Structures are given as C-alpha cells and as structure tokens.
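Subject: Structure handover

Hello,

Here is the structure I promised to pass on. Please open it first, then read my notes below.

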Amino acid sequence: MSELQIGETLIGLAGQYSPSGQEGAAVRWLVERMRSLGYEGAFIDEVGNAVGTIGKGPHQIMLLGHIDTVSGWIPPRVEDGVVYGRGVVDAKGALACFTDAAVRCGAAEGWQLVVIGAVDEERDSRGAWFTAEQYRPEYAVIGEPNRWNRIALGYKGCSRVRITLRRGQSHSAGGVESACEAAVEVWQAIKRFAEEYNTGKPRVFDQVLPSLQGLDSGAGDFDQWAALVVSARLPPAVSPQDWFVKLEELCGDGRVQQVGKPIPAWVCDKNTRVVRALLAGIRAEGGEPAFVYKTGTADLNIVAPQWGCPALVYGPGDSALDHTPHEKLELAEYQKSVRVLESALRRLMEKPEN
C-alpha cells in the first residue's frame, strides 16, 4: 500500500455518516474495504461491529476502534493535505489507521491481528461490551485521538445518576423549602464536596468532575418533586460505588438512582511490550513520545479489565476537536500514525524480549 493509498481508508470512512445507532452503512463500507485490502476475514458480527482478521494462530493482537460518531453531518473534503469531516478525529482516524497498519504489517506465524470498528461508543458502548466477551487478546490497542506521537495510558471512570427530592405542597408565602430549592441545595453540596476533594490535586485526571446534565420538576395535589441528572468523571481513587454512596450521603432524603452502567477509571501499565513497541515506532518516525491521561472515558475502560492483557490507547488527531464542527486531520500526521503502528505490530510479533 503506497503513501497515497493510505489516506483512502480515512477519506472513505469520513464519507459514511455514522452517528450512534446509524452505523450500518459505514460498517458495510469498512468490511468491503477490508476485503479489498486482502483481509483473510471480514464480516459484521452479531451486534453490528465491523470485524477484520489477518493471520491465524494462538497469539492475538486486538486493534479496537469505534465507527460511530456524535451527530451533526460535516461534509467531507480534502484541502491542502487536510481531511475534514465528522469523525475524522473522533475516532475514524484511529480506526482507519488500524485498518491500514494491520494490512501493511501482514500476517506472522502464530499470530492473528483483529481489527474492530465498534458501534455505539458514544452512547452505551454496546459494541465494546460484546467484544470484551468474545476475545482474549495477548495485546490490545484501543483507538482514540491523542496525536501520532502520544500514547494514552489512563481514562477516567464515569457515573450518571438521577436524584429525586420530594416535599409536601405548601403556600409560596409560607417560607417552607420547596422541592426545587432542596434540589439546588443538593447540587451545591455536590459541588462543594468536589471542590474540597480536588484541593491539592493539580492533575485533572485525579479530580472528581461532576456536571449537572438535567433539571426537572413537577407537582401533584399534595406534594411536589424536583429531579437532577448528575454526571461525573471519576478518578482511579473513586469507584462508581464509592461515588454513589457519597451522593446518597449528600442528598439526605433524596432518592439516588443509577442511570446506565457506571464505569470505573482504568490506568494501563507503562512497562509493557506494547508500550515499548509504540515508543520505538514513534522514535523511528522522528517523534518525541509522551504519555497522556485523559479526563474522558473510552472503550478501554470496558475491555481492559476483562482481558487483563497489556493495553494502551493510540490514534492520530487533536482531541480538542472531538465533537466539534471543526474536525480535521492532516494526512501527514495520519500517515505517520500508520507507520508507527505498523512498526509496533511487527515488533510485537517478533520473538519475545529476553
């Protein structure tokens, strides 16, 4: 595959609009692309993920990206060596990189490369939950944008809850606390706790970051209610269960209900073969590698605890452009990321280090 051809996968994926829940056309396109590139296996799995395999053997390397994006169509175009379009940063750039790097690397005796474009990452990660149960790789690389010369080793956990407070009906002139006033007090208490917890923790990765995502209220004949939807990004030191208990304490007589699956934070081991292989690949391209720890949550948090194998997160693109109308990726950076990953895969499939 020539350098010019490398960009075709990225540009083609960018042309397939695939917000969460509407990934079908993009998945079919990627499977056909894998077949045209010479993947030995390329298919759509039970939950709609695009899957491609190269090689066979007892040792497996997983390259897990996600094919869905947030909503909002951005017409794809290429100008002055830059690809514009929804998802070219988050995270079709990484998925296309995986697709191209694997085929450039090719098969090695005893090894299988698996590339997956998972669905639903921007919502409930249905594709990643299914993948976690189906595979047991020896190494895993998860696709998210962090620039071609950086490796992400940690992602924060997340929790989303609904807090409901009830109060009896009373006259507005009576001076009795209303349900809405009680809800405001609860939110202020959550903010105060987070501020106190975060004191002395300069790294955002180590902080509790709550956000108010919803606010509603209503009344019946004899009572009134107010509800808050509170989301939080959680550091490794605070599990979703710990956070839930703290919220129950802060909410007093409020009712706390979990919304969706809470996901703990995850930090990868820095001293592993897969990390060393990526570092060597970055240096070979003239880059100065760096490690990053992200404030968001990724499919890494879902699959890594179940697989228990050395893992990391890699992919081209500026994550500051995630979900914005300005997503763009330089083809030069994309091509570097493909070469870095190709080099890393070759190193991983060589004889083990002494």
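Start at Phe43, which stands opposite Val51 in β2. The two strands here are β1 (residues 41–44) and β2 (residues 50–54), paired in the antiparallel sense over four bridges. Strands pair if DSSP finds at least two bridges between them. Five residues separate the strands of this hairpin, and Gly48 takes a positive phi near 100° there.

Some ground rules. This is a predicted model, where local features need pLDDT of at least 70 and side-chain atom pairs count only at pLDDT 80 or more, while totals for chains, interfaces and linings use all residues. Residues are numbered from 1 along each chain as its sequence is written, and side-chain values use heavy atoms, leaving out hydrogens and water. Helices (H or I, at least four residues) and strands (E, at least two) are DSSP runs, numbered from the N terminus.

**Strand β7**

Five of the five residues of β7 are buried, so the strand is largely enclosed by the rest of the structure. Buried means under 20% relative accessible area, exposed over 50%, and partly exposed in between (1.4 Å probe, protein chains only). In a regular strand the side chains alternate between the two faces of the sheet. In β7, Tyr139, Val141 and Gly143 point one way, and Ala140 and Ile142 point the other way.

β7 has parallel partners. Strand β3 (residues 59–66) is joined to β7 by four bridges, with Leu63 partnered by Val141. Strand β15 (residues 311–314) also pairs with β7 over four bridges. There, Gly143 stands opposite Tyr314.

**Helix α5**

The buried residues of α5 are Ala179, Ala182, Ala183, Val186, Trp187, Ala189, Ile190, Phe193, Ala194 and Asn198. They cover an arc of only 160° around the axis, which puts them on the same side of α5. The arc is taken from the directions from the helix axis to the C-beta atoms. The face turned away from that side carries the exposed Glu195 and Glu196.

What covers the buried residues? The list includes β9 (157–168), β10 (209–219), β11 (223–234) and α6 (240–251). Contact means heavy atoms within 4.5 Å. Just after α5, Gly200 takes a positive phi of about 85°.

**Aromatic rings**

The whole structure has five aromatic pairs. Rings of Phe, Tyr and Trp (its six-membered ring) pair if their centres lie within 6.5 Å; planes under 30 degrees apart count as stacked, over 60 as edge-to-face, and the rest as tilted.

Trp111 and Tyr139 are stacked, because their centres are 6.2 Å apart and their planes at 15°. Trp111 is in strand β6 (residues 111–118) and Tyr139 in β7, 28 residues apart. Both are buried.

Phe205 and Tyr293 form a tilted pair, 5.5 Å centre to centre with 55° between the planes. Phe205 lies in the loop between α5 and β10 and Tyr293 in strand β14 (residues 290–294), so the pair ties together parts 88 residues apart in sequence. Phe205 is buried at 2% relative accessible area. Tyr293 is partly exposed at 26%.

Ring pairs also link Phe193, Tyr197 and Trp243 into a cluster.

**Charges over rings**

A charge sits over a ring if NZ of Lys or CZ of Arg is within 6 Å of the ring centre and within 35 degrees of the ring normal. Arg77 has its charged end over Tyr84, 4.0 Å from the ring centre. Arg203 sits likewise over Tyr293, 5.1 Å from the centre.

Best wishes
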